[in-house]
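Please keep the sequence and the model in view while reading.

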Amino acid sequence: MTLSAFARRGFTERETVALLGAHSIGKVQCRFFRDRIYNFAGTGEPDDSLDADMVGEMRAVCSGDGAAPMEMGYYRQGREVGFGAHYYAKLLAGRGILRSDQQLTAGSTVRWVRAYAAGHRGEEAFREDFAHAMVKLSALAPLKGSAGQVRVSCSKSVE
């Protein structure tokens with residue numbers, strides 16, 4: 001669905017995979033992935049594409065009402081890092097928090113995930129592709145007037 005949504009706006013598979021690298025930073029509420037760790041596809045089990053340790057980490061954060069945020073930040077060798085290609089290496093290790101992220105390791109998109117996860121050269125390729133895709137994204141016609149919504153908090157509707 002993600003690839004199709006971006007394709008309708010003129011983005012290639014490569015550009016879409018690069019743009020999703022923005023998920024290497026920020027936070028997401030547990031309610032957006034709770035099903036993956038407790039009852040994936042109605043099985044009563046976690047999503048088997050997730051690393052078992054990651055399931056435990058996600059459950060530790062989401063043991064309450066699902067309102068707690070989980071850091072989207074992906075870490076490299078115990079050292080916190082921000083925005084970068086390390087996100088793709090974590091996906092290859094089954095540590096994608098969102099299902100849409102983890103699905104990048106299935107099908108034809110895995111070639112871009114592997115390319116971006118490939119050390120220093122992967123980091124350079126990711127940053128170049130991300131910059132190109134962001135410029136393209138910024139060129140899309142933004143909604144004006146009453147045609148859209150501006151949200152201070154993405155999880156809340158504008159009244």
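## Salt bridges across the chain

The side chains of Asp 129 and Arg 14 meet in a salt bridge, with N and O 2.7 Å apart; a salt bridge here is a side-chain nitrogen of Lys or Arg within 4 Å of a carboxyl oxygen of Asp or Glu. This pair links distant parts of the chain, since Asp 129 belongs to helix 8 and Arg 14 to helix 2, 115 residues apart. Helices (H or I, at least four residues) and strands (E, at least two) are DSSP runs, numbered from the N terminus.

The model is predicted: local features need pLDDT of at least 70 and side-chain atom pairs count only at pLDDT 80 or more, while totals for chains, interfaces and linings use all residues. Residues are numbered from 1 along each chain as its sequence is written, and side-chain values use heavy atoms, with hydrogens and water left out.

By the rule above, the count comes to eight salt bridges.

| Pair | Closest N to O |
|---|---|
| Arg 99 and Asp 47 | 3.2 Å |
| Arg 95 and Glu 57 | 2.7 Å |

In the salt bridge of Arg 99 with Asp 47, Arg 99 lies in helix 6 and Asp 47 in the loop between helix 3 and helix 4, so the pair ties together parts that are 52 residues apart in sequence. Arg 36, Asp 47 and Arg 99 are also linked in a network of salt bridges.

Buried means under 20% relative accessible area, exposed means over 50%, and partly exposed lies in between (1.4 Å probe, protein chains only). Asp 129 is buried, at 13%, whereas Arg 14 is partly exposed, at 35%. Asp 47 is buried, with a relative accessibility of 2%, and Arg 99 is partly exposed, at 31%. For the remaining pair, Arg 95 is buried at 17% and Glu 57 is partly exposed at 37%.

## Helix 8

Helix 8 covers residues 119-138. At 1.5 Å a residue, its 20 residues should span 28 Å, and its end C-alpha atoms are 28 Å apart, which agrees; the expected span is 1.5 Å times one less than the number of residues.

Which residues of helix 8 are buried? They are Gly 122, Glu 123, Phe 126, Asp 129, Phe 130 and Ala 133. Seen down the axis of helix 8, the buried residues fall within an arc of 140°, so they line one face of the helix. The arc is that of the directions from the helix axis to the C-beta atoms. On the other side of helix 8, His 120, Arg 121, Glu 128, Val 135 and Ser 138 are exposed. The cover over the buried residues includes helix 2 (13-19), helix 5 (86-92) and helix 7.

Gly 119, a residue of helix 8, is partly exposed, with a relative accessible area of 46%. Gly 119 and Ala 85 are 34 residues apart in sequence, and their C-alpha atoms are 8.3 Å apart in space.

## The disulfide

A disulfide is a covalent bond between the sulfur atoms of two cysteines. With the criterion of a pair of cysteine sulfur atoms within 2.5 Å, the count comes to one disulfide. This disulfide joins Cys 30 to Cys 62, with an S to S distance of 2.0 Å. Cys 30 lies in the loop between strand 1 (27-29) and helix 3 (34-38), and Cys 62 in the loop between helix 4 (52-61) and strand 2 (69-71), so the pair ties together parts that are 32 residues apart in sequence. The link of Cys 30 and Cys 62 is left-handed, with -80° about the S-S bond. Both Cys 30 and Cys 62 are buried.

## Two loop residues

Thr 109 lies in the loop between helix 6 (99-102) and helix 7 (110-116). Is Thr 109 buried or exposed? Thr 109 is buried, with a relative accessible area of 3%. Leaving aside neighbours within four places in sequence, Thr 109 is in contact with Leu 3, Glu 13, Val 17, Gln 103 and Leu 104, where contact means heavy atoms within 4.5 Å.

Ala 41 lies in the loop between helix 3 and helix 4. Ala 41 is exposed, with a relative accessible area of 65%. Phi of Ala 41 is near 50°, a positive value in a residue other than glycine.
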